[in-house]
Amino acid sequence: MTITDENAGIGSRMLRKEDGALVTGEAKFVDDIHVPGELWMGMVRSTAAHARIVSIDASAAKEMPGVEAVHTGAELAAMELWVAPLPCAWPVTDDMANPPHWPVAPDTVHHVGEIVAVVLADSRYGAADAVEQVVVEYESLAAVASIDQAVADTDHAHTDLGTNKAYTWAIDEDPEGTQAAFDAAAHSVTCRFEQQRLIPAAMEPRGVVAVPSPMGGDVTLYSASQVPHILKVMAAATTGIPEQKIRVIAPAVGGGFGAKLNINPDEILAITLANRMGRAVRWTESRTEAAGSTHQGRGQMQYIELASDSDGRLTAIRVKIDADMGAYMMLITPGVPLLGSFLYHGVYETPKFSFTCEGWFTNRTPTDAYRGAGRPEASYAIERAMDMLSYEVGISPEEIRRRNYINGGEPFEMWENPAGISFDSGHYSPTLDRALEMADVAGLRAEQQRRRDAGEVKQLGIGLCTYVEICGLAPSRALGGLKYAAGGWEHATVRLLPTGKVEVVSGSTPHGQGHETSWSQIIATKMGVSPDDVTVLHSDTALSPLGLDTYGSRSLAVGGVAISMAAEKVIEKARLIAAHQFEAAPEDVEFEAGSFSVAGTPSKSVHIQELGFVAFAAHDLPDGLEPNLQEQVSFDPPNFAFPFGTHVAVVEIDEDTGGVDLIGYFAVDDCGNQINPLIVEGQVHGGVVQGAAQALYEVAVYDDQANITNPSLMDYLVPSAAEVPSISTDFTCTPSTTNPLGVKGVGEAGTIGSAAAVINAVVDALRPHGITDMAMPASPMRVRQAIEAAKGGAS
Amino acid sequence: MPANAVRISLSVNGRSHDLEVEPRTLLVHALRDEIGLTGTNIGCDSSSCGACTILVDGQSAKSCTMLAVQAEGCDITTIEGLADTTDGDGLHPMQEAFHQCHGLQCGYCTPGMILASVSLLEEYSDLDEQGVRAGLEGNLCRCTGYHNIVKAVLSAAGKEA
C-alpha cells in the first residue's frame, strides 16, 4: 500500500488539524460553555488535615443574595444522591484497605481541601462569597504528614483502620537466592531515593458543567477529563443513575498528564445536584484550590540495592517501595507504583530480582497517575543506582550500562524479563552511541576537566539515562491478572460517507496529543484519501459510545491500531463492491493508493471514495451485502509495548550560589514506527521538561500538620521558557512486535528519561567534592548545603 | 447586578462595549463572562501563568491582574481580534508561526503565549533565543517544553531557531 500524498500519510510531518481553533480562541474548553439558568458551585474545603467536623453553620451563607442552597456532607448523605463511594478501580490485593471516599465528607475529614459543604449560587463571585461565610468547627485529630510518619504507624490517617498500611504487593520468587547473590557480590550499592510529591498542573484547571433534562432524567456532563468513557460508567455506578441516561463530553481539554483521569467529587456533585435542582450546575477549580481538589503525583520512598560481580555485571536487584496513597484510594491510586514494578531492573539483565511495595495512607491529597505513573520512579531508581554502582566499580556510567544491557545491547524480540513480562522488542546500544555523539560527551568531559583543573566557579556535569518503559495499556487479561477492574482494549469506527469523505470515531480521547491529525494520517495511508477528507469524532459518549480513553501512552499503540484495522475492514467490504462492478472475483481485485482495479487490467479502476455513494444508494450491491461502508474494531493488544532511549543532560552548577542551570539536553528515543515525527518530537520536548522540572524545581511541600504550603503557581515552581534549554532530539526505530503498525508510544517517554539524567548530571558535577547523591528537587539551597557539608563545614 | 455596579466603556477588538460591572470584577472575567470572548483563558490565581494575557493599548497585560474598571477607555485586543478572518485565511503571522512550528499542543496557554509574543516582538525586534526565553518568562506552558514556542517566535521575527 502506498501513500497517495507523501506529505500527508504515515510518517509525514503534517501540520496539525487541531491548531486553527486553538490559535484563534475558537476552541471551547469547559469553562467556556454556559447554559441559561446555570448555578455556580462553590466548595467549602477543609482547612484541617485530619479532624472531626463538630458543626457547620451555613445560616449566613444561605441568606446571601443569589444563593440557592448550601448543603453539608451529612445533609447530602441523607439526600441519598449517591449509592456508592467514589470508585477505586484497582484494588491491588484482596485485603487492600480502602476507606470510603464520599464526594463530601459526612463527619470526618482526612486531608486539607476535602469538601465539607457545597454552595449553589447564581454567579461566579456569589458562590465564592458564600463559601467564605460558611463557618466550620473542627476537632483536630493527629495528622499523618509524611511517608516516614505513616510507616512509623503510631498516628493513623484513618483512625478506624488502626494502621496506615493499605497493602503489600511483591514480586519475589526467590528471596533466598537474591540474598545469596548479595552475599556473594563483589560490589553492591544501597540507595534511598525520595520521589517527592508533584502537582500535575495542567494549564487548564479541572472543571465541570452538568446539564440536566428533568423530564427524561437524562444528564449531560461536560468535564475537563481524559477519561469520558470511564467517567460515564463510574458516574452511573456511583450515583445509581442508569448509565444510558448519562452522557459525558470532554470538550477541548487543556492538558491532563494523568491529573484528569479520575472520578472526582465535583463530577458526582455536579451531576446529582443538577438533577436535583433541575438547573445546570458548574464549577471550575482555582489553581490554588487544585492542590486539594485534584490528585497529585509521585510520593514514594525508594530503597534499591544492586549487587554485581567484579566487572560490574549485575547479579541481583532488590527494591522496596513505601508509596504514599494520600488520604484515599482514587481511581488507580494503589496501582500506580505497580506500573513501575516490572521495570526496576531497567534495560539490564539480572539473574535475581526482588520487588516489594507497601502502600501507606497519609492525611495529604490523594495521589494517582502523573505523567509516567510509576515508570519515571522506576527509571529514576535504577538509573541513579547504576551511576552509583559505576562509581563503586570504577568505570564510566556509559560502560556500566553497556556491560549490562539486555542481550548485550544487540537487538532482541520477546525478551522475558525477571518480573515475568515479555519486552516486545529492543536495541539499546545505538541510542547510547547516538546520544553520546550528539551531545559530544567526549568534548564535554574535556571541558569539565578543564574547569575542574582551573577551579572555576561554574562546574559542568554530564548525566546519562537509558530508560525503558511499559505502555500501550494493555492486554485485558494482563490487567485482569493485576486486579485492575477494566480492560485495556480500544474501539474505533471508520465510515465512508456517501460523498466519499471519511468519518473516524475514536475511543481514545485527546487533550493536546494531536489525535485528529495522526488518525487522519493513518486513514490517508491506509485508504488512499487526503487527510483533509477525514474527520475524527471523539470525547463524547453519545458520538463515541465505546472507548477506554487516553492515558499511559496508549492512544496510538491501541486506539490508532484499532483505527487502522477498522479501515482495513472497510477496504475489504469495498473490495467486494468493486469486484461486483468489475464482474471479477474479489481475490483478483487489487487495492493501491485508494483505487481498486482488476489484476492485469489497471485501466479499469474505481476509487474507494466513489464507492461511498454506491454503498449508500445500495442499488447494485452484491447479493447479501449490507448497505453502507462502516466498520468497527475493538482491538485488545496481545502485549504491552516497551519504548526506550538514552538521554544526556548537561548542567552547569554555580558552586557559590548552588544554582543549577540545565544548559543542554540530548534525547535519542525509540518509539518504533512514527505516524507524525513533528508530534513525536513535541511529546519528547514537553516530557523532558516535565521530568527536568521534578529534578530541579517542583515539590509539593507539606508542613508537619499536613498543610500544603505552596499550592499556588507563585510558589510551586513550574519552569518557564527561561529555565530550560532547547532540546536536541533524534530517534532510532525498532518496530513493536505487539501490533501491526509496529508502533509503541511516546507521551511519557521524555519524563521517564529526564529526571534521572538531570540528577545524574548534577551529581557528576559535584563528584570532586565526594558527593554521590542529591535529593530532588536539586534546589540551590540543597546544592550549597551538600557542598558545604562535603567541605567539612558543620551544616 | 449589585447596587455598587459601575458603568465602564472599553473597546475590544475594535468594537466598543458598555458594561455594568462590580468594582471588584477582574478584567478577564468581564471579557469572558460579560462580553463572551472566551478565547482568553485562566490558568492560575496568582498572576503567574500568563494564560490570560491580552493587549491593552497595544501592550501585553495579564487580564487577571487588572480590574475591569481599570480598562475604562482602553483599546483591548484578545486572541479573537488578532486574526483578520474577514479577509479569508488571515491568521496573524504569530498565529501562523505557532501552527507552522508546532508551538502548541493542548492549546490552553496558546492565546496568552501568542499575544505575549506579539507584544514582545513589538518591543524588541532583534531578539535571539535567550531573549525570547527571557521575554516569555511570565507565560507558562506544560505541554511543549517551550522548544517549539521559542522556535515559532524566532520564526515570526524572521529568524531561524
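In chain A, strand S23, residues 595-598, pairs with S24(A) in the antiparallel sense over four bridges, where two strands count as paired if DSSP finds at least two bridges between them, and where helices (H or I, at least four residues) and strands (E, at least two) are DSSP runs numbered from the N terminus. This is a predicted model, in which local features need pLDDT of at least 70, side-chain atom pairs count only at pLDDT 80 or more, and totals for chains, interfaces and linings use all residues. Residues are numbered from 1 along each chain as its sequence is written, while chains are lettered from A and ligands numbered from 1 in the order in which they are written.

Within that pairing, Val598(A) has Thr601(A) of S24(A) as its bridge partner. The open sheet itself has three strands in the order S22-S23-S24 of chain A, with antiparallel pairing. Strands S22 (589-592) and S24 (601-607) of chain A stand at the edges with a single partner strand each, so one side of each is left without a neighbour in the sheet. Neighbouring strands of this sheet are turned by 35° against each other on average, direction ignored, the axes being lines fitted to C-alpha atoms, for helices over the stretch in contact, with angles running from 0 to 180 degrees between N-to-C directions. Helix H17 of chain A, residues 555-582, lies across S22, S23 and S24 of chain A and runs at about 130° to S22(A); contact here requires C-beta atoms, placed from the backbone, to lie within 7 Å.

Turning to chain B, we have domain 1 (6-81) and domain 2 (85-156), with bounds from an automatic or database domain assignment. Their C-alpha centres lie 20 Å apart.

Definitions and conventions
Two residues are in contact if their C-beta atoms, placed from the backbone, lie within 7 Å.
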